[in-house]
Structures are given as structure tokens and as C-alpha cells.
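Here is a short briefing on two ligand sites. The structure comes first, then the contacts.

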Amino acid sequence: MMDGSSPEPRDIASTCPYCGTGCGVLARTSAAGVTTVVGDPQHPTNFGRLCVKGAALGETVVPRGRLLHPAKRVAGALQRLSWPAALDEVADGFRRIIDRDGPDAVAWYVSGQLLTEDYYVANKLVKGFVGSANIDTNSRLCMSSAVAGHKRAFGEDIVPVSYDDLEQAELVVLVGSNTAWCHPILFQRLLKARERNPAMKLVVIDPRRTATSEMADLHLPVRPGTDVWLFNGLLSYLHQHGVIDTAFIEAHTSGFARTMAIADNTAGDLRSVAAACKLDPGVLTEFCRLFARSERVITAFSMGVNQSSSGTDKVNAIINCHLATGRIGKSGAGPFSITGQPNAMGGREVGGLSNMLAAHLDLEVAAHRALVQDFWQSPRIADKPGLKAVDLFDAIDAGIVKAVWIMATNPVVSLPDADKVKRALAKCELVVVSDVIADTDTTAFAHLLLPAQGWGEKDGTVTNSERCISRQRAFLPPIGEARPDWWALSEVARRWGHGAQFPYDAAHQIFDEHARLTRFGNRDDIAPRYLNLGGLVGLDQAGYDQLAPTRWPVLAGTDAPVPATDGAAPLQAFADGRYYTADRRARFVPTAPQAPAGRLDDDYPLVLNTGRVRDHWHTMTRTGLAPRLATHVAEPFVDLHPQDALLSGVREHALARVSSVHGSCVVRVRLSGEMPRNSVFVPIHWSGQFASDARVGKLVNPVVDPVSGEPEFKHTPVRVEPFSVAWHGFALSRDDHGAAAGASPLTAAAAWWTRITGDGYTRSELAGRRPDGDWSARARAMLGVVDPDADWLEYEDPTAGVFRAVHLVDGRIHACLFISPRPDLPSRAWLSSLFGKPQLDPGDRIGLLIGEPLAQGEDAGATVCSCFGIGRKTIEAAIRGGCATPAELGAQLKCGTNCGSCVPELKGLIAELRARQTTT
Ligand SMILES: Nc1nc2c(c(=O)[nH]1)N[C@H]1C(S)=C(S)[C@@H](COP(=O)(O)OP(=O)(O)OC[C@H]3O[C@@H](n4cnc5c(=O)[nH]c(N)nc54)[C@H](O)[C@@H]3O)O[C@H]1N2
Ligand SMILES: Nc1nc2c(c(=O)[nH]1)N[C@H]1C(S)=C(S)[C@@H](COP(=O)(O)OP(=O)(O)OC[C@H]3O[C@@H](n4cnc5c(=O)[nH]c(N)nc54)[C@H](O)[C@@H]3O)O[C@H]1N2
Ligand code: SF4
Ligand SMILES: [Mo]
């Protein structure tokens, strides 16, 4: 404090709230309230690096759109309530229904984006005090197949691999994982490790060509849904070629012979496996050889494996190959479930799923239930598994579950058959939603809304993919009346008379209780578990605040240490060859391949695959606020093979309707060249808040894996048809025309729209079905320009159907609208850049109506590198100027030199331009 007026901004160490990589950040907020976020050089996950989503976090901790107060919907309108009144309503509403219809008539639907402390309290309340296990989580949609696979094979849900292991491996196989975009910093660590050790090989198994497969040594574009065939084939190959660790199998496993027989039976020779998986037999053989000869091999997998009607079998088919070769429990080897959400793992530790109990104890084992009930001193304990996510919403639809409290998830967007979710919530007697954001597709159905603290305000812990617990620390005061989720839950418990068991007034007390439970009965003769946080018991506020990132298990001095063998670190799970099944042996699980549930036919001839793009997070409630993240992918799209586009009668850049038997959406056609025949890809991010009709969850088949209950998000039969429109257009405006979603004059004028947040403007893409004339009058109404003397420039060519208008205020651009009968509208990049100019010069004014700058080179094109804001046209110019590698581009333009996640795209652009240069 130099002048005594305002304190120096301090860096607060916290953890990124996006992916399960779990990077450490340093957040700093200036006196003017602007937050900047950089990587924490001390954090063992990222050592100071961040991907673009992490780096743009500062842009998302803003008051815009926040839910500020508790509220109740009365006759369709929201009324503000005080916290005590809102909590009374929640407690009374749930109590009334429980008393009337029993504990299974109510449910909680929570999220891997809760902190461990929130999650722990939610589970304790429901399983111990409501006495029902009707608490499930969006992790059911995410990694429940991995959990089920781990439990079948290891007896406990244990991820036996660390990021260090990944760097030690000779071979890393990424199955159904677009790591380059979804876990960018982990992927960067992998690429760096390969640079250091060129003998290391990277194999990617994914039907699509992705940013990840671009960097692979070998890509297996497997037929969607056939991974079990592939891994059974690999197991057979390993057996036939004598790459089996017989000593390990005999000493530490069970079920090998039966599993081997099924694999041999169903896989046959590699030729038939290649045919089943639609792979080139040469490529498949190369993969099997690589796997056979690499002692240190890690098979990492995510949603292409888990989100399948045979997801759990896919997981076990992978684990079988590791058990058969004894490549587990050693450094640089093992199966590795990469988790999606920041606290997917923390949720698993506290028993977040409806078929689990806290602290890796088993809901279905009476002794475990007794242990937990004793520890909680609870009046009852759930004694049968609760409903899994899809079944839970079906039960709401059927009127069996009558009250639901939704926390930190947006099921109207993210569940399969998502319109059914809408219908279910619309008729549910009591819907409580705790969220950070006021207007989401799900809050629209809430009877009671509770404001939660956002990232930057919350305090607690999260666990990443490699079992590392990190603190999320608050560095901002809560906005409005936002409160921690654990607090709201505890307040309801108190209203039900359980104050003594929910005495918390700070997060560290909850963490301490959780840590104690992991140690409770954790002995060979009672309930042995690998999860043990005994060494973290007793942390007070100061100790908790100082908690450095820590991988579990963390044993207390008095607990038996995990024995180390072969010089492996004690943290190496299964290093002692002991598993957590009854006989302490790992289990081989026979996996008979099953085709995906939805069958293609003439009406629905294409497979819909859904997933993520690099710069958006789920339903965009956060990344949708960050201009830096807006333009890498600015619109929802359907990506197809050019031949499928031809057969479907759709053209690139036009709009198309994608339909399944469950529902349809309308999105922009993209022909990226990345799709195989018969498959299409649609991103999951665009909710009703950001587009008129792009919620792809509506289409998704609600079929689930029979063991895990995880939905088949990657395989729904669909068709694609043209969506004919009379005009295409876009508007850029300083006014937030999209704030009230469909209600603004701008979006109401269109049959289809989508919007994003730019730097100082909102960009709306529009299309209309009627060839309305008189654009001049309409345009003013659409942009809300009422003053007849407004500084307004326009150009119209009625015969061509082209119209352009610009509204200026005090010499600055305020808004513009461009209309054309074709989707070939001017580049948004240059026009957008004008919003940053304090004054337009005469050249800009002329350029405005043409839609392009008068001077060459001023249009950067769509963003490729979001870290440095480098556009496609700038990069293309540099490639034409001689840059031949991503490194040379980086040296000249800086693109790709920070988080590196655009490097695959830079490679692609170089290849594309080269191909064009050689063919023209
Ligand atoms: N940018 C960004 N990053 C994120 C997220 C985000 O929203 N945005 N979300 C986070 C979360 S919660 C999650 S769960 C993770 C998800 O991370 P990922 O699992 O990497 O992402 P997805 O895009 O869902 O799907 C992965 C890949 O599976 C492939 N696939 C589809 N069907 C099959 C199949 O049958 N077999 C195989 N082998 N592959 C198949 C798809 O083509 C896709 O490329 O990402 C996390 N990180
Ligand atoms: N078609 C298709 N659907 C999918 C998938 C797919 O691949 N394809 N993937 C599935 C997967 S893996 C996942 S993980 C899900 C994700 O799907 P969702 O969980 O539905 O998506 P989010 O947008 O992350 O929703 C989180 C919500 O919680 C709010 N929020 C954030 N932090 C907090 C907090 O601390 N407290 C509270 N109370 N609220 C908070 C946010 O504002 C937001 O509204 O989607 C699933 N759905
Ligand atoms: S990789 Fe990116 S999104 Fe994931 S935790 Fe790290 S900074 Fe956050
Ligand atoms: Mo996820």
C-alpha cells in the first residue's frame, strides 16, 4: 500500500473450474475490479501454463447474467424472496412431499462442477437423512462407465495412472478422446514428453479426424461403437503372440481363461476385427504390434468410450489388455480414465452417484451402510440404489418423483431426449434450481431459484484426473446474495431438525469430516479402501487455506503405508499387486461385443456423434461471456462427409435440419473433411439462450449402458435435410439484443438465429423464411433505432436481395445489419474490429457498406489462435509468405506459442494451402 488508499492487488492461487486436467491458476483483481488469470508456476499439473479457456477466465467473472437473489415463480413471474423465506419454502416443500409420498418421491440432481464439500453435504443429506439414494449427478452422463468398469475390475473406483506416468510411457493410446481440445494442457504435456523422447508413440482411436489425431503417430478411424471388437482383437493378438504375463495373471487376477475365450471367439483374426471396425488391416496390425512391444503403455480414454450403450464393456475390454500383460501398477503403464469436469473425481470420492456411498463405500453392502450411518449419526441410511439420471427424469415425467433440486447442471440441454426433460420438469410439483446464472434453459422451469456462488467466490477443493486434490480459493466477494451450495443444503437440514449433524459454517470443517470418513473402518478386516485422506484429517482454517495440491492416498502416520514394490512410489496404485475385490485379485471381465442400440435405416441413415469444441464449455453459461472465446467456432454446426452432404442435398455454409426420431435442430453445414462416411458431428454447447434451435440433446437416443446407466451420446441415427431460407443475415450491435433470448425484435424477425458475445458487441447470425421487402424500415426496428435523425447509412440492391445498414453514434459504430439471399455475407472479423475504434475514419465508413476494409490486410479473418487473437486470413498470408511449419508461424505471429491447442489447426492450414498451391 503505497499511498494508504487501496491495497496492492494480490495473486490468489486457485484451480481452473473447467476440465478435469485441473490446472492451477493465479487470479488477480485490480482496484478497478478487472480480474486477470494466469497459470500458477508452482502447480504440479500445469507449471504455469493455461489453455485459452483458462486464460480467458477473467472475462467470465462478471456480474452479467448472474442470479442475484433467491426467487419464487408465482403465476409465471419471478418474485424475490429472502434467503430464510426461500429455504423455508424448500424445506417445507420437500418435507410435505416426503411425508405424503415417502422419501423416494423426491430427488436431487447434482454435478461434477460442485466442490467436494458441496457434494459431500448433498450426499449426506439425501442418503443419510432423507433416507433415499435418489441423488444422481451429471457425472452419470460423463464417466459412470469408467466408474463401473473400475469397480468390476478392481473392486474400487481407482484411477491407477498419474500425469507423470503419461510422460514416462513409450506408447500412449487415446481412445475416444479429443484431448487436444478437451484437456489441452494434459495434451501439451504429452506432446512435450514425445519431443523429449522421440521413441514415444501416440495412437488415437476415434472415428473422426480431430485436432488430437492430427498430432498422432497412428490414427485408427474406428467404426463408431466398435471399440470392444478392437480391444478383444488386441487381447487375442497379445495372447497369440505370447505377450501375456502369466506370472502376474496367476498371482493377482481371476477370470482370465473365460475372458480370453470370449475375446478369441468374438474377435477371430485381425482381418475380421478390421472388417468389424472398418479399419485398414495394415493399420490395425501396426497398432497391435506397437502395443505388444511397448512395456510402458497407457490407454487413456474418455467420452468416445464411456458414452455408449456398451461403455462399461469398452472400459473393461481396455483394462483386460492391461491386466493380461501385467501393465498396471508400474510407472508409465495402465488404463487411464480422463475425467471431464473439474471435480468429477471429488464427486466419486464422496459417493456422488445414486448407486454409491460416501468415501468409496458400497451402498449395497450392509456393513458399509452401517459404518456410514454410524459415522454420520444419521437416523436412517438409504438401503437400495437410487434412480440413475435418465431414469430419474423418466420418473419425474411419470409423476413418481414429485420434487427435484437441481444443482450446478443444465439438464434441459445436457440430457438425452432433452425435450422429454422439459416436459417432465413442466409437470413436476416442485422444482428447485441452484445456479449461478439467472436465465438458463433449466432455470426457466424452476419454482424456486437459489443463487449460488460462482468460481472466484467459492471456497473448497476439487480432485483432478490423477487424484490430485487442489484448493479453489475465493478471490472475489460474492455477487448479489450468492451463497455456497453446502450452506443452502445445510440450512435445509437444520430446518428438518438435523442441525447437530450439519453444524458447518466453513468449508474446511466439511473437508475434515470427509477426510475422517475415508479413514473410518479403512482396515483390511473391515472395509479396506485405497481412498484414504487420513493425513489430511484435522486441517484447521489456516491449514486448509495453505493446502498445497496433494495426490491421494494421503496416509496418517499411524496408518499402514501403502507398500512400494519395484522401487515404485507409494502413490502407484496396485504396485503391491493387491486390488480391492473380496479376494484382493483384479478381475478380468469377459466382454462380448454389442452393436450400438440405434440402427440406421433409410429414414435415419447417418450416425449422430456429439461432443465438444475447443473454446466452449458445455452449455456456454460461462464461456459464452468471454469475447476471446467467441469466434473460434462462432455458430452451431453439423459436420458431414462431402458425399453425405451431397446425398442429403445440403451445401456447405447453408442451414440444415438434423432430425432423429426424438427431435430435431437447425445448424450450419460444415464440410471440414474430418468426418468419415455415414457419420455427422454436432457440438453440444448451444442452448436456447444462444440459438433458436440448436439444442442437440433433443435428438439424442436415451438408451443407456445396462451396467453404468450412461447414455449413448455418440450414436443416434439421424437424417440431414436442407433448411430453406429466403435470406441470411448478421447483426453486430453494442446493445445486447440476445439478453432476453427470443424476445428481442432482432431475433424475433428471424426464423433462425444464434448469438455470441464479442468485445463490445453482440453478434447475431440470422436467417428468415419470408422474402420480406422494405428492409430499410425493418432494419431500424430490428436494431431498435427510433430516432429518425440517427446517423444511419444504408445500401440496398432490391433485385439482388442485398441490404446493408450501419448505425453510428458520435462517430463510432453502434450497430450494423447485413442481409443477403445467400450465406456469402461479408467477413465479420473486420467489422467486429471496428467496435474497438473510438472514431471511424472516412475510409471505414465507405468500407462499412461494402463490408470489407478499403486497405488490404486489415481483415484478420475468423480467430484460429484465441490466445493471441490471430485470424485465419493473417495466418494464410504468412503461409503464402513462406511460413512452412507451425513453429515458423509462431515465430512470426506468436500464434500457437501459448497454450498450443491451435497447433493442429495451423498444421491443417499449412497442408490445405499447400494442396491448393499444388493443384492450382
Ligand atoms: N473445450 C472443452 N473441453 C472440455 C469440455 C468442454 O465442454 N469443452 N468438457 C469437459 C468434459 S465434462 C468432458 S466429459 C470432456 C470430454 O472430452 P472428450 O471425451 O475428449 O470429448 P468429446 O468431444 O465428448 O468426445 C471425444 C471423442 O470421442 C469420439 N467418438 C465418438 N464415438 C466414438 C466411438 O465409438 N469410439 C471411439 N473410440 N471414439 C468415439 C468423438 O469423435 C470425439 O472426438 O471434456 C472436458 N473438457
Ligand atoms: N449430446 C451430448 N450431451 C452431453 C454430452 C455429450 O457429449 N453429448 N456430454 C455430457 C457430459 S460428459 C457432461 S459433463 C454434461 C455437462 O452438462 P451440464 O452439467 O448440464 O452443463 P453445464 O453448462 O456445465 O451446466 C452447469 C450449470 O451449473 C451452473 N454452475 C456452475 N458452477 C456452479 C456452482 O458452483 N453451483 C451451482 N449451483 N451452479 C453452478 C452453471 O451456470 C450451469 O448452468 O453434458 C452431458 N451431455
Ligand atoms: S487444460 Fe485448460 S480448461 Fe483444463 S484445467 Fe487446464 S486451463 Fe483449465
Ligand atoms: Mo463430462
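An oxygen atom of ligand 2 is 2.9 Å from an N or O atom in the side chain of T409, a polar contact (a pair of N or O atoms within 3.5 Å). The model is predicted: local features need pLDDT of at least 70, side-chain atom pairs count only at pLDDT 80 or more, and totals for chains, interfaces and linings use all residues. Residues are numbered from 1 along each chain as its sequence is written, chains are lettered from A and ligands numbered from 1 in the order written, and side-chain values use heavy atoms, without hydrogens and water.

**Ligand 2: contacts and cover**
- Q113 places a polar side-chain atom 2.7 Å from a ligand 2 oxygen.
- For S414, the distance from a polar side-chain atom to an oxygen of ligand 2 is 2.6 Å.
- Of the 920 Å² of accessible area that ligand 2 has on its own, the protein covers 98% (Shrake-Rupley method, 1.4 Å probe).

**Ligand 2: shell**
- The shell holds 29 residues, and Q113, S414, D435, K458 and T619 are the closest (a residue is near if one of its heavy atoms lies within 4 Å).
- Domain 2 (71-142 + 343-451 + 482-505) and domain 4 (606-722) each give at least three residues; the bounds come from an automatic or database domain assignment.

**Ligand 3: shell**
- Around ligand 3 lie C16, Y18, C19, T21, G22, C23, L50, C51, K53, G54, P184 and I185.
- Two or more of these residues come from each of α1 (52-55) and α7 (184-196); helices are DSSP runs (H or I) of at least four residues, numbered from the N terminus.

Notes. A polar contact is a pair of N or O atoms within 3.5 Å; within protein, one must be able to donate a hydrogen and the other to accept it, and residues adjacent in sequence count only if both atoms are side-chain atoms.
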